[in-house]
Every structure is written in structure tokens, then in C-alpha cells.
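Open the model in your viewer and keep the selection panel at hand. The stops below say what to select next.

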Amino acid sequence: VTFLASASTGDGTPENPIIIMDQAGMEAIGASDASKALSYKLGKNIILSSTYASISGFSGTFDGNGNAIYLNGTANGLFADTKSTATVKNVVTYGTVNGGTNQKVAAIAGTNNGKIINCVNNANIVAGAYAAGIVGYSLRSSSLSYCENYGTIDSSGSRVGGIVGYILAGEVATCSNAGYIEGDGNGVAG
């Protein structure tokens with residue numbers, strides 16, 4: 001990515017995405033329904049502190065561009081939930097997500113109804129039911145492809161996995177888990 005004055009801000013179109021450089025930039029995505037529908041690209045490695053509030057209702061495109069996002073004790077991952085028009089791709093996460101006993105917690109999306117492509121989680125996840133490295137709860141229109149989990153998933157509930165905790169419907173293809181998974185209940189899988 002070349003950072004020119006005009007390109008660093010972008011206009012939010014797929015051809016000219018808004019470049020995210022820090023936590024404030026991530027938080028600005030969730031400011032309105034209009035901002036949630038735009039295209040974004042991560043411009044460098046960033047840290048999200050424990051005060052970061054996961055974005056709800058994301059319907060745009062987020063390209064991690066292969067950069068790392070360090071989750072520093074956030075209560076959920078990047079997105080609380082995504083809509084069917086959302087695409088999240090090329091994201092790499094590290095750190096810790098501390099969801100306590102909250103349900104539908106993961107490093108990329110707590111609940112997914114869109115497309116998640118080529119994402120890698122290295123963060124450790126602590127949560128209740130429906131916990132995973134990539135997506136906690138996957139809905140009907142969802143698809144996950146070319147994703148990997150290396151983080152430890154420690155759940156106090158059931159329906160726990162490395163890639164996805166629970167899949168209502170949708171598609172999971174060419175994904176793998178190498179992380180340790182622990183849950184209290186049924187539906188615990190790699």
C-alpha cells in the first residue's frame with residue numbers, strides 16, 4: 001500500500017478504501033450505518049485495547065491487508081456481528097479476547113452472516129458458549145474459507161470450535177485448526 005495524502009483517507013469505495021491506521025480508525029467504522037457499509041483496508045499493524053467495542057452490524061468490506069491486529073483483552077473480536085453483504089479478508093489477529101461468560105465470541109466475528117476469507121487467528125479466546133477462533137456463531141448466508149486458528153479457545157459453555165463455534169447453516173471450506181479447544185458441555189470440536 002502506498003500512502004499518499006489522498007489515498008490515506010480514501011472515499012470508502014472498493015477501488016479507494018479508507019485506510020485504517022489505529023484503534024480510533026477501527027472505532028470510526030462503527031459510527032453509523034453508512035460508515036459500516038464502506039470499504040476499509042488496514043494500513044499497518046495496530047493494537048486494540050480492552051476499551052475497544054466490537055463493531056455491530058458491519059455490512060461493508062474490511063481487508064486486513066496481511067497486517068496484524070493485536071487484541072489486548074477486548075471483550076469480543078473485531079466485529080460483534082456481520083451482515084450478509086459483509087466481506088472480511090486477510091486479517092491476522094494476536095493477543096487475548098476476554099469475553100468472560102459472554103456468548104458468540106471470536107477474534108474475527110462473534111456472529112457472521114457474510115464472507116470471511118483468508119483470516120488467521122493466533123489470539124487466545126476466553127468466553128461462554130459459541131466461542132471460536134474465527135467466528136462464534138455462523139448464520140445462513142455465511143461462508144468461511146481459507147481460515148486458520150492457532151489460538152487457545154477456553155469456553156465455560158458448549159458449542160466451541162477452532163474455526164467456528166456453531167454453524168446454523170452456510171459454508172466452511174479449506175479451513176484448519178491447530179489450537180487447543182476446551183469447553184464445558186457438548187459440541188466441542190477442533
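This is a predicted model: local features need pLDDT of at least 70, side-chain atom pairs count only at pLDDT 80 or more; totals for chains, interfaces and linings use all residues.

Residues are numbered from 1 along each chain as its sequence is written, and side-chain values use heavy atoms, with hydrogens and water left out.

**Stop 1: the sheet.** Select β1, β2, β4, β7, β10, β14 and β18. In that order they form an open sheet of seven strands, with parallel pairing. Strands here are DSSP runs of E, at least two residues, and helices are runs of H or I, at least four residues, numbered from the N terminus. Two strands pair if DSSP finds at least two bridges between them. Look at the edges: β1 and β18 (171-173) each have a single partner strand, so one side of each is left without a neighbour in the sheet. From one strand to the next, the twist averages 10°.

Now zoom in on β4 (residues 61-63) and β7 (residues 87-89). They run parallel and are joined by three bridges. Asp 63 stands opposite Lys 89 in β7.

**Stop 2: the core.** Select Met 26, Phe 58, Phe 62, Ile 69, Val 88 and Ile 116. These have the most contacts inside the largest nonpolar core, which has 39 residues. Elements giving two or more residues to this core include α2 (23-29), β5 (68-74) and β12 (124-127). Such a core is a set of buried Ala, Val, Leu, Ile, Met, Phe, Trp, Tyr and Cys residues joined through side-chain atoms within 4.5 Å. Buried means under 20% relative accessible area, exposed over 50%, and partly exposed in between (1.4 Å probe, protein chains only).

Centre on Ile 69. Leaving aside neighbours within four places in sequence, its contacts (heavy atoms within 4.5 Å) include Leu 42, Phe 62, Leu 78 and Tyr 94.

**Stop 3: two positive phi values.** Go to Lys 104, in the loop between β8 (92-98) and β9 (109-112). Its phi is near 60°, positive in a residue other than glycine. Lys 104 is partly exposed, at 32% relative accessible area.

Next, select Thr 174, in the loop between β18 and β19 (176-177). Thr 174 is not a glycine, yet its phi is positive, about 55°. Buried or exposed? Thr 174 is exposed, at 55%.

**Stop 4: Tyr 166.** Find this residue in strand β17 (residues 164-167). Tyr 166 is partly exposed, with a relative accessible area of 27%. Beyond neighbours within four places in sequence, Tyr 166 is in contact with Tyr 130, Gly 136, Tyr 137, Ser 138 and Arg 159.

Conventions:
Axes are lines fitted to C-alpha atoms, for helices over the stretch in contact, and angles run from 0 to 180 degrees between N-to-C directions.
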